[in-house]
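Colleague: I have not looked at this one before. Please walk me through it.

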Amino acid sequence: METIHNDCAYCAKGDLLNAFAYPEGIELKASYLYVFREQSHPGRVIIASKHHVSEVVDLPLEDRQLFFEDVCHAAEALHKAFPDMKKLNYGMYGDTGCHLHMHLVPKYENGFEYGGTFEMNPGKTKLSEDEYKEILEKIKNAL
């Protein structure tokens, strides 16, 4: 990242990131993969760009391509790590947190919210620190 934005969770990391993501991430080519703390959708992760930009079109073409390669690489790993997943949903938001990131949200047939749009943060399923680490290791092994 070029500039650290102290009010941005993805730039500053620490407590800001820890509020919604397991802070140990996996460094990819153009981004970091973080396990989302709310795990109503087992395996939900965030892919956050290494660059503090608001929109994907704000990235130079090469960085944009690398970001989407990271998304695809992470998606392949999630399919391996969570073989019961029926579908992977992709969401790009950031109305208030203007740092480019994408949510990868596994959906399971007959599982929570299957067949509908997911809630951003339903707050139903939180895990222990060891369980987050376990998910992270499972994904690392699948990458």
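**The sheet and its surroundings**

Colleague: How do β2 and β3 pair?

Modeller: Strand β2 (residues 31-35) and β3 pair in the antiparallel sense, over five bridges. Helices (H or I, at least four residues) and strands (E, at least two) are DSSP runs, numbered from the N terminus. Two strands count as paired if DSSP finds at least two bridges between them. Within this pair, Val 35 stands opposite Val 45 of β3.

Colleague: Before we go on, what kind of model is this?

Modeller: This is a predicted model, in which local features need pLDDT of at least 70 and side-chain atom pairs count only at pLDDT 80 or more, while totals for chains, interfaces and linings use all residues. Residues are numbered from 1 along each chain as its sequence is written, and side-chain values use heavy atoms, with hydrogens and water left out.

Colleague: OK. Which strand does β3 pair with over four bridges?

Modeller: That is β5 (residues 101-107), again in the antiparallel sense. Met 102 of β5 is the bridge partner of Ile 47.

Colleague: And what is the strand order in the sheet?

Modeller: The sheet is open, has five strands with antiparallel pairing, and runs β1-β2-β3-β5-β4. Its edge strands, β1 (26-27) and β4 (87-91), each pair on one side only. Strands β1 and β2 pair over two bridges, and Glu 27 has Tyr 32 in β2 as its bridge partner.

Colleague: Which helix packs on the sheet and touches β2, β3, β4 and β5?

Modeller: Helix α3 (residues 61-81), whose direction makes about 20° with that of β5. Axes are lines fitted to C-alpha atoms, for helices over the stretch in contact, and angles run from 0 to 180 degrees between N-to-C directions. Contact means heavy atoms within 4.5 Å.

Colleague: Where does α4 lie?

Modeller: Helix α4 (residues 129-142) lies across β1, β2 and β3, and runs at about 135° to β2.

Colleague: Back to β3: is that strand mostly covered or open?

Modeller: Covered, mostly: five of the five residues in β3 (residues 45-49) are buried. Buried means under 20% relative accessible area, exposed over 50%, and partly exposed in between (1.4 Å probe, protein chains only). In a regular strand the side chains alternate between the two faces of the sheet. For β3, both faces are covered, with Val 45, Ile 47 and Ser 49 buried on one side and Ile 46 and Ala 48 on the other.

Colleague: Switching to the whole chain: how many helices and strands are there?

Modeller: There are four helices and five strands. Along the sequence they follow the pattern α-α-β-β-β-α-β-β-α. The radius of gyration is 14 Å, close to the 15 Å from the globule rule for 143 residues, so the chain is as compact as a globular protein of that length. That radius is taken over C-alpha atoms, and the rule is 2.2 Å times the number of residues to the power 0.38.

Colleague: How much of the chain is buried?

Modeller: Buried residues make up 43% of the 143. Of the contacts with a separation of 6 or more, 54% are between residues 24 or more positions apart.

Colleague: What about single residues? Where is His 103, and is it buried or exposed?

Modeller: His 103 is in strand β5 and counts as buried, at 2% relative accessibility. Its side chain makes a polar contact of 3.0 Å with that of Arg 44. A polar contact is a pair of N or O atoms within 3.5 Å; within protein, one must be able to donate a hydrogen and the other to accept it, and residues adjacent in sequence count only if both atoms are side-chain atoms. Beyond its neighbours within four places in sequence, the residues in contact with His 103 include Phe 36, Tyr 90 and Met 120.

Colleague: And Asp 7, buried or exposed?

Modeller: Exposed, with a relative accessible area of 72%. Asp 7 sits in the segment before α1 (9-12).

Colleague: What is the phi of Lys 13?

Modeller: Positive, about 60°, although Lys 13 is not a glycine. Lys 13 is in the loop between α1 and α2 (14-18) and is partly exposed, at 28%. Glu 113 also has a positive phi of about 60° without being a glycine. Glu 113 is in the loop between β5 and α4 and counts as buried, at 18% relative accessibility.
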